Amino acid sequence: MDEILTKRQAQERANRISAFREELAQLEREGALALSEEQRQGVERRLAQTLAALAERFDVDTSESQKQISWGMRIASTLGGLALCAAVFLFFYRFWGALGTAAQGGILVAAPLGAVLLTDFAARRERTLYFASLAAMVAFSCFVLDLNVMGSIFNLTPSPHAFLAWGAFALILAYAYRLRLLLAAGLVCVGTWAAANLATLCGIYWAQFPTRAENVVAVGLILLALPALRPHRRIPEFPWVYRMIGLLVVFLAVLEVALWGGWSYLAIEPKNAERCYQLVGLAASAGAIWAGIRRRMPGIVNLGAAFFVVFLYIRLHVALWDVLPKYLFFLLIGLIALGLLAAFQRIRRRREA
Amino acid sequence: MNRWGVVGSVAMVVAANAFVLVGVAIDRSGGVVQKIELTERELPTRGSSEDNTGISVRLSWQAGWYPAVRFGPGIDRNKLTELGFDCRVAPGDRLAESHYQRQPARVVFVVLEYDGPAWQKWLVGAIAASPESTEFLKGHSSRLGVVNVGKSPSALRARYPDQDHYLIVPGLMRAMVRYEVSKPREVFGEVAGLLVDDIHVPQPYASTLAELRGKPYHLTLCYGKRYEPWICGCRP
């Protein structure tokens, strides 16, 4: 078990043991395998010891019911975190009018600091990190509230640098406590800061950075490339977050300019820019599906497939909506979906062979 | 304890807040760059509620949308070129609309005239265009409006030295093409918004405003070196 480094690897091992137990029982029932009582007890003892050690060290789910409860806990901690964030915002706004500026500032600074200490306390108390993740989300939202309200209190000119501070804060918590949700929040904030600064360099007011989609695409591509440049040996679950956020940013930016061609640097008519980016979107999403299948990354395949359908629908709508009768248009979409299903099935069979 | 996680995140919170406070101190350390007293017509309150007890006011100006009467001399193609917009495409050109729409808004300094000749002229035109709104326009609508824009606030202040009637604030300007029946197309500039138009009212002025609910009031706006405002006076 020494070679197991992460909770994910430990869970995969626990899953393999469960499957092995079930298959062993099935083979015995069918009479294909007959173990002596002594052998059965030996195997069972060994498996139970391994599972107990995995549960002790990594807190893995060792049964189907535990897995279901873990999913419930994950959903509850995410929803609970979001609800607590809303509660923090609403609580502050309900009472801040009665406070002086110094008291407002003091509360705003103290809130994220307290939540950081709470995160650390929770992380030391439980290995599953459900409560730590929840406390970290509250800390992040307190810090967002802090800078946002400080800007309002002193009537500051909006600045993109707040996104850098929020992003850095979220990334510090994410890496310190291995929290994927905070990593995603941090990457979105740092990405927004980078895209806003690129826009400023190009002479555009920073808040209008989405009006030049190519800047956003560049940021997405950098996020996508980062895991390759910096391997995460200690936290192998993080590159997945980088890739998903990077790809999502690229697809959303291309989708934006595929719908509003004026939001591009291309010095051509907006309609032509839209056509161009619709084709780019189709090619990029097909490329993501291909790369995802090759590298066995189901998340990338699913994201690529979702955007491939969106880009295909937009392209067909532009090209055929006014030309074809409506029933024929939707029939064509249905047939293309069937074709895609058949293609996926073929790929799956080929990979299984 | 994950020491670097705690230290790093605490340092980030402290550093970001210190950055904000130092910026505010620098802005206000050079004294008041401009000061103007406005009324509830130009600074209407954003209503506080049970869920948000903070009070803020919004800097309101006549954008010329309703009634559709232009305030001041307007910003023409030459002025837009001076501000850095690419105005080489003629307004009648087939590609004019997309050319001007694609140009991003630029940060400029906006001169807002308060209760001056441009407003008097605008009022006459607005009443003629919308006679049913006469009472509102005369007694309740904002008397602020854009009369000029430029890149340099000091150059604009030299041209409009009267601080009681001319306020200079940073805003966003965009270029547009105007279509009007039986008139040639025209390229013009529009102030898309002010960078800071929502102004927080701190204590004790917030309590004074709360007591004056529904009654006329006067608020004094001060601006620092970075042209960021704060409320520095309140009276009935």
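Chain A splits into three domains: domain 1 (1-62), domain 2 (71-156) and domain 3 (180-320). Those bounds come from an automatic or database domain assignment. Between the C-alpha centres of domain 1 and domain 2 of chain A there are 42 Å.

A quick word on the ground rules. This is a predicted model, where local features need pLDDT of at least 70, side-chain atom pairs count only at pLDDT 80 or more, and totals for chains, interfaces and linings use all residues. Residues are numbered from 1 along each chain as its sequence is written, while chains are lettered from A and ligands numbered from 1 in the order in which they are written.

Still in chain A, have a look at A:W71, which sits in helix α3 (residues 64-95). Helices here are DSSP runs of H or I with at least four residues, strands are E runs of at least two, and both are numbered from the N terminus. Why does A:W71 count as exposed? Because A:W71 has 11 C-beta neighbours inside 10 Å. A:I204 is 133 residues away from A:W71 along the chain, and their C-alpha atoms are 44 Å apart.

Now for chain B, in brief:

| Property of chain B | Value |
|---|---|
| Secondary structure | 7 helices and 10 strands |
| C-alpha box along the principal axes | roughly 75 × 45 × 40 Å |
| Buried share of its 236 residues | 32% |
| Share of contacts with a separation of 6 or more that join residues 24 or more positions apart | 72% |

A contact means that the C-beta atoms of two residues, placed from the backbone, lie within 7 Å.

Chain B also has an open sheet of 3 strands, in the order β2-β3-β8 with antiparallel pairing. Its edge strands are β2 (45-46) and β8 of chain B, each pairing on one side only. Strands pair if DSSP finds at least two bridges between them; β2(B) and β3(B) (residues 55-58) have 2, in the antiparallel sense. For B:T45, the bridge partner in β3(B) is B:V57.

How do the two chains meet? 40 residues of chain B are in contact with 41 residues of chain A. On the chain B side, elements giving two or more residues include α3 (96-102), β4 (106-114) and β6 (166-178). The biggest giver is α1(B), with 12 residues. By class, that side has 22 nonpolar, 13 polar and 5 charged residues. Nonpolar covers Ala, Val, Leu, Ile, Met, Phe, Trp, Tyr, Cys and Pro; charged covers Asp, Glu, Lys and Arg; the others, Gly among them, are polar.

Methods. A residue is buried if 20 or more other C-beta atoms lie within 10 Å of its own, exposed if 12 or fewer, and partly exposed in between; C-beta atoms are placed from the backbone.
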